[in-house]
Amino acid sequence: MDWPVTMLLFEQVDMDFSANGRAVPAVRGVDLAVEAGEIVTLVGPSGCGKSTLLNITAGLFAPSRGRALYNGAPIRGINTRVGYMTQNDHLLPWRDVLGNISVPMEIAGLSQARKRERAEELLSLVGLSGFEKAYPAQLSGGMRKRAALARLLAQDPETLLMDEPFGALDAQLRLLLQAELRRVAKRFGKTVLFVTHDLDEAVAIADRCVIFAGRPGRIAEVLPITLPVDRDLFKLRFDPAYNELCARLWSIIAPELASGLAASQ
Amino acid sequence: MIIALRLGLVAALLLAWELASGRLVPEFFVSRPSAIAVALANYIQDGMIFFHMGVTATEAIAGFLLGGGAGFAAGLLLGRQPVLADVLDPFLTAFYSLPKVALAPLYVLWFGIGIEMKIVLAATIVFFLVFLNTYSGVRQVSREQLTILRLMGASEWQTMRMVVVPSAVSWVFTGLRLSVPYALIGAIVGEMIASNRGLGFVLSDAAGQFSTANVFAALLVITVLAILLNMAVRLAEKMLMPWQHAGNRREFSV
């Protein structure tokens with residue numbers, strides 16, 4: 001048995017943004033340790049700093065105060081060991097689907113044949129076979145998301161940062177991709193930070209679920225998801241333990257949502 | 001329908017021209033379509049017009065490629081090096097404001113009256129149009145797309161090749177399309193100032209002999225050359241930017 005390795009460590013992280021010259025607190029006092037190979041979902045009201053934590057992990061911003069360590073070292077500049085799937089797909093409009101998925105493999109210097117083979121695999125995985133030659137402008141929002149997901153998997157990073165990646169997808173495809181994400185992550189020991197507003201999803205795919213409270217964002221509670229590692233996502237809805245966890249999450253987050261709503265009015 | 005109307009318009013104008021010439025306006029100044037047609041036929045029969053057309057086309061295309069290439073390279077460099085762009089800004093603005101045709105006498109001194117002088121003149125004009133457009137294009141590259149590629153571990157060269165250049169290319173083509181007539185201006189003005197060949201020479205030669213019909217015939221040939229060059233640029237645009245022309249058949253949504 002390997003000792004758990006801390007992949008990501010936030011220590012008393014504060015984050016401020018400035019608006020009109022005034023510092024606006026966005027995140028306050030976040031302490032969080034994510035182990036290598038762990039899938040952590042982040043839920044909470046909008047604007048509570050979930051995406052900010054992903055941005056800090058990716059090295060796009062440094063925390064205003066506190067420390068953010070990746071694999072034991074402070075994150076300085078762009079963190080190329082993570083793959084980031086943001087809310088916007090950011091596909092390159094001048095490349096067709098195949099070309100977009102090939103970007104990370106071109107950067108990694110894969111051979112033409114290997115690239116092609118892997119891209120075909122990923123396209124069929126996300127259900128985009130037959131759309132190789134389509135340009136992003138020709139795809140629907142859900143298809144663009146799927147292409148972005150295939151690109152993320154093509155990059156094959158150590159840690160996956162995902163910001164509502166499945167939001168625009170239909171329920172069946174979403175379930176399929178959730179199951180696939182868990183399977184890939186567990187098989188290859190990927191660490192996953194996954195922001196979602198879908199509480200069922202937050203329980204289904206997670207090893208741990210971190211619940212945020214709003215304005216400024218802070219961690220309200222961490223819910224360990226005590227479901228089996230090799231759970232079957234397709235049968236989960238009939239599992240009493242799963243339903244209990246979902247109910248639990250609901251009961252924690254409902255007051256947060258209510259207060260977030262009140263604060264925004 | 002539109003085409004029929006256009007042809008009708010052309011026929012009406014030519015007829016009005018033919019009738020007005022010699023009656024309302026002296027033929028010396030405006031010639032007449034029938035005489036111009038004869039002049040054109042003579043030019044074509046003689047064959048020399050194709051030689052002159054080739055000279056002008058060579059100058060314009062060489063100037064276009066030289067100026068376009070330099071403008072593209074300079075636009076990429078300054079677009080990615082904002083400090084350098086800031087330092088050079090006043091000088092570039094000053095040079096940009098100078099009417100480039102005014103450089104022709106200087107270029108005659110430097111390069112003589114051969115084809116080189118016309119190429120350099122055309123290139124100087126084209127350079128600024130392509131440079132300014134490329135520069136704007138590079139400055140407008142999406143920061144998000146750049147960041148996404150950096151996260152994938154892309155080098156500066158890779159982001160340049162995969163994001164910056166393709167993103168700027170539609171701007172570059174705007175510059176190139178604008179440049180076609182200006183490349184011709186450079187070539188033809190150069191020929192009119194000092195040359196014994198090219199369409200500019202044909203034009204000023206005809207005017208020097210007070211042959212209005214030949215002047216109009218030369219103008220027609222220049223127009224044809226301009227249209228051909230325009231078509232070539234549009235074709236290149238289509239081939240180099242297939243994503244802009246891919247049919248958009250998905251549902252429309254707001």
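For the residue classes, Ala, Val, Leu, Ile, Met, Phe, Trp, Tyr, Cys and Pro count as nonpolar, Asp, Glu, Lys and Arg as charged, and the others, Gly among them, as polar. The model is predicted: local features need pLDDT of at least 70, side-chain atom pairs count only at pLDDT 80 or more, and totals for chains, interfaces and linings use all residues. Residues are numbered from 1 along each chain as its sequence is written, chains are lettered from A and ligands numbered from 1 in the order written, and side-chain values use heavy atoms, without hydrogens and water.

The structure holds two cavities of 30 Å³ or more. A cavity is a set of points on a 1 Å grid over the protein atoms alone where a 1.4 Å probe fits but cannot get out, and lining residues have an atom within 4 Å of a point. Volume is the space filled by probe spheres set on the points, which are joined across faces, edges and corners.

The largest cavity contains about 70 Å³. Its lining includes A:Tyr84, A:Arg151, B:Ile148 and B:Met152. By class, that lining has seven nonpolar, one polar and two charged residues. H4(A) gives the largest share, four residues; helices here are DSSP runs (H or I, at least four residues), and strands are E runs of at least two, numbered from the N terminus.

The second largest cavity contains about 50 Å³. Among its lining residues are A:Leu125, A:Phe166 and A:Glu180. Its largest share, three residues, comes from H5(A).

How values were computed:
1 Å grid on protein atoms, 1.4 Å probe; cavity = no way out; pocket = protein on both sides within 12 Å on 5 of 7 lines; lining within 4 Å.
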